[in-house]
Amino acid sequence: MDFGLSEEHQMVQRMVRDFAAKEVFPTIQEQDRVGGMAPFIIPRMAELGILGITIPVKFGGQGMDYISLGLVCEELEFIDTSLRVAISVHNGLTCLTLLQWGTEEQKERYLVPLAKGEKIGCGAFTEPGAGSDFAHIRSSGKNDGQDYILNGEKMWISLATIADFAVVTVRTDQKSDPAYQGLSTFMVDLNSPGITRGDIHGKLGVRAGSTGWINFQNVRVPSKNLIGEEGEGFKVTMSAFDSGRYTVAAGATGLIRASLQASTSYAEERTISSGKISDFQLIQVKIARMALDYQAARLLYLNAGWLKNEGIRNTRETSSAKWYATEASFRAASEAVQIHGAYGFSDEYPVERFMRNAKGAMIYEGSNEIQSLIQADYALDKRRDKKIRRELPPYDHQTWT
Amino acid sequence: MTKKMLAYIDHFHGKAQPSSWEGLGLAAEISKDLGGETVALVLGDSVNELANIAFHYGADQVLLADNPILKDFRPEPLADMIVQAAREYQPDLIIFPTTSRGRTLAGMVAVDLDSGVMVDVIALDWAGGEITATRPIYGGKLLAKLTCSTTPQIITLRTRAFDKPVPDPSRSGSVTTLDVGIDPAGVATSIASHEEKDGGVSLNDASVIVSGGRGVALNPALEPPGDLDEEAAEIWKAEQGFALVQGLADVLGAAVGASRAAVDAKYIEYDHQVGQTGKVVSPDLYFACGVSGAIQHLAGMRSSKVIVAINKDPDAPIFNFARFGLVGDMHTILPPLTEALREYLAG
Amino acid sequence: MRKEGNSVKIIVCVKQVPDTAATMTVDNGAISWGDAPLIINPWDEFAVEAALKLATEQGGEVIALCLGKEGETEAIKHALAMGADSAVMVSDPALKGADNVAASKVLAAAIQKIGDTDLVLFGQQSVDTDTGLLPVQTARLLKWPSLTLVSKFESVNPEDGKIRVLRSMEEAGQVVDSALPAVVSVTKDYGDPRYPSFMGIRKASKAEFPTWSLADLGIDTPASSISWPDVAETVQKEIVTEIIEGETPDQKAKSLVEKLIAEKVL
């Protein structure tokens, strides 16, 4: 079993690391303070091909594999979570959902411009009244014989005000029982009449990012925009989460590494009368724990990425990776603040930003409580994955490049 | 055992690079120990004056080629001349300063003379006539000792690693004129023009930085104009303080830095901020004026070679990290310091 | 094979070095960088960038040439991933410990073997042994003009065999006209190098390129004059803080100047 990264993967890792360090890092602290996504970030990532990294070349992408996507996310979040969030929703929730469930026509029309970064995508699933309780979302889609008319509100949508398209799941069958079978997913042009959107302010973290709400008032969406079939919305959404969740896991791993680096660097610099604080065992143990968590989180997400490459169903492994990495990243960031003492409480140092950012990932993309229930179901054999009608395509070097 | 030494005097249109004199000083020192003459090599156009200055700095003899073909820096004809001089004079050691030109010429000369170059030398040992050069490698993380098995040995000296001799204007010596037999048509390059370097030293590249902290606004002797409100008055005082910082920076060719406190108080723009947030710098010389030295500022400058702290408060943390500390008001210290440095650097 | 129009054939000499963040140690006389990765010498990226821009603007090809240890291909792969068309590695166990003149002889031989070159580019220096000598020595051996510290290519005209560049000196910039072929070293002021593209990374990881030995170059092992009898880690000196005394600010100032002169930082 070769656990090493290939030369290609190492080059991808280095390239994204250099980009984030040179072009984003210098102003990120200030951007987080000011709030909102710096305008140059999305276009620049588009230019570098990052927005289409894991999409086949024939669909406008860069033809790299799912492990590369994970590495990209780890390197981006090492600098700031907001960068990786953009990838989670654009690459994960939107592009990969189209790759998995889209018709050829939908791939031509949407996936190509998205993979090229000419258009930006996001995922609109969560509502003010339903997050984990997704099966009971209330936004509706009514079939009028020709098109669907969408009504409702989606909230906590990253890139809501920046994106051109959204993958939107609504209830198309008000009477279905069980409820989750009445959902359908659509590709929606966010410039359609009846759509209003706005930014959400006052967030604890990911302040250098863009998070917002989308309101649908009698929005007309053509039937050909259905992703999957009517009634398959829950399955499509869960697939989207398998993709998004993977990026969250990889990103959180980068956040552990960032906390680790900040902590070791500070511990080596900070001297008190009896020496450097890195000589003291209580500090050392905190750092050791972070280093261990980094190794574990990394192996978990790379394993999930490898399974995706092989075309093996990986809902369980992706969920494990997300749960583990996000819990560990909050722990690591919190300890990093502790190691910095009073300076950790100041935005002079990045660790308070890491901690605030880390908390979000424990909540979104399937809260960690949900992940724990999923894992319990697998562990107690209460859940076995059935084949879904459309699986995420395995990575195929021949056809993807 | 006599060692014959040749010190190359690097210059631009007759104005010497000061480090050339350091090389000449080293040559003189070795001559004194091992016996032999101190010979300087001056090549250029209208450089007779430069030859005289070489005597002031310790040359006994100057090998001189004064010819319009050597006016502008083109390495090939200059290297040809150095090789010609070396073949005639047969030095054991040729010393160049590690300037952009010195390095190039040393490299070419080594090829022609079938020898090697020891570059960027910071220390030299010549006990018993055996030369061992010490130089930093890997960005200064390691120190290597080098020897050269062929003659002439060619070394380039790192700037300021060796002492500049004190010039003695009463000294003179003999000039030997070299034949310049270079065919102009045989030189593959020509200089179209020169371009002025634009002023302003960036923090990133500066080898000297002068920084101001909160203390810049705290000159008790200053009376701000009456029409300013409290905030504006504070900023006015800070501007006067930063003018002193800039004055010192100008004399030293240094960049101006600032602590976060000064930037947050709007005494100066964020571009100048040195620290955990802001730029991380590692100049040879860092002046911290009215800077307390909290860890987040230190994070940005503690790898500076020499830190000079000027602060009214003798207990300021910066004094723990400074090589030299002056306890006092920066507003009374900077003016005489600037003057003293101006005098020294002009001389 | 004569090229068309003003198209330009450029060789970029690249080197791999340990990552600049590496902790360097000396174990039993051997220099070690632990498990820090090897990367392309950062200065070389500017040279590759310049080559790629010129070849794009006026047509042509870019060849990455690397002298190094067998199997250490990071620098070449990076240059290929940035967009170089092809690469050549030169490696021979006999070159262990080769000094700069020896290395330049090998590079000159390789450049001649590649043949028909208009321009050879180098980074201005390397972050490990940092001599900046290879560009000028290689030029001297080839008997081509040497243009160091170039920040701008005003014009490159292989058809007429002419080039004009802006190069740096301490006091001023210098606009130089030169014959071609020439050897140029490129500075940071040229402009930021591009990142490798993902397509480039894919191509580079699969790329094949020849490795030439001294025998392939048809030369004997060149002699080296420079030896390194000792390498040691730089000892971080403890900071000895000296508070400058003086009755008046003036005296303190003068005293400080003397100390700074003695400390050799002025």
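A nonpolar core here is a set of buried Ala, Val, Leu, Ile, Met, Phe, Trp, Tyr and Cys residues joined through side-chain atoms within 4.5 Å, where buried means under 20% relative accessible area with a 1.4 Å probe, protein chains only. The model is predicted: local features need pLDDT of at least 70, side-chain atom pairs count only at pLDDT 80 or more, and totals for chains, interfaces and linings use all residues. Residues are numbered from 1 along each chain, chains are lettered from A in the order written, and side-chain values use heavy atoms, leaving out hydrogens and water.

**Exercise 1.** Find the residues that touch the most other members of the largest nonpolar core.

*Solution.* Start with the core itself, which has 162 residues. The ones to pick out are A:Leu76, A:Leu150, C:Leu119, C:Leu121 and C:Phe153. Next, take C:Leu119: beyond four places in sequence, its contacts (heavy atoms within 4.5 Å) include C:Ile10, C:Leu54 and C:Phe153.

**Exercise 2.** Work out whether B:Thr156 is buried or exposed.

*Solution.* First, locate B:Thr156 in strand β11 (residues 153-157) of chain B; a strand is a DSSP run of E, at least two residues. Then check its relative accessibility: it is 0%, so B:Thr156 counts as buried. Finally, look at who it touches, among them B:Phe96, B:Val119 and B:Asp120.

**Exercise 3.** Describe how chain B meets chain C.

*Solution.* Count first: 73 residues of chain B are in contact with 73 of chain C. Now the charges: there are five salt bridges between these chains, each a side-chain nitrogen of Lys or Arg within 4 Å of a carboxyl oxygen of Asp or Glu. B:Asp80 pairs up with C:Arg140 in a salt bridge, with the closest N and O atoms 2.7 Å apart.

Definitions and conventions. Buried < 20%, exposed > 50% of the residue type's maximum accessible area, 1.4 Å probe, protein only. Helix = DSSP H or I, 4+ residues; strand = E, 2+ residues; numbered from the N terminus.
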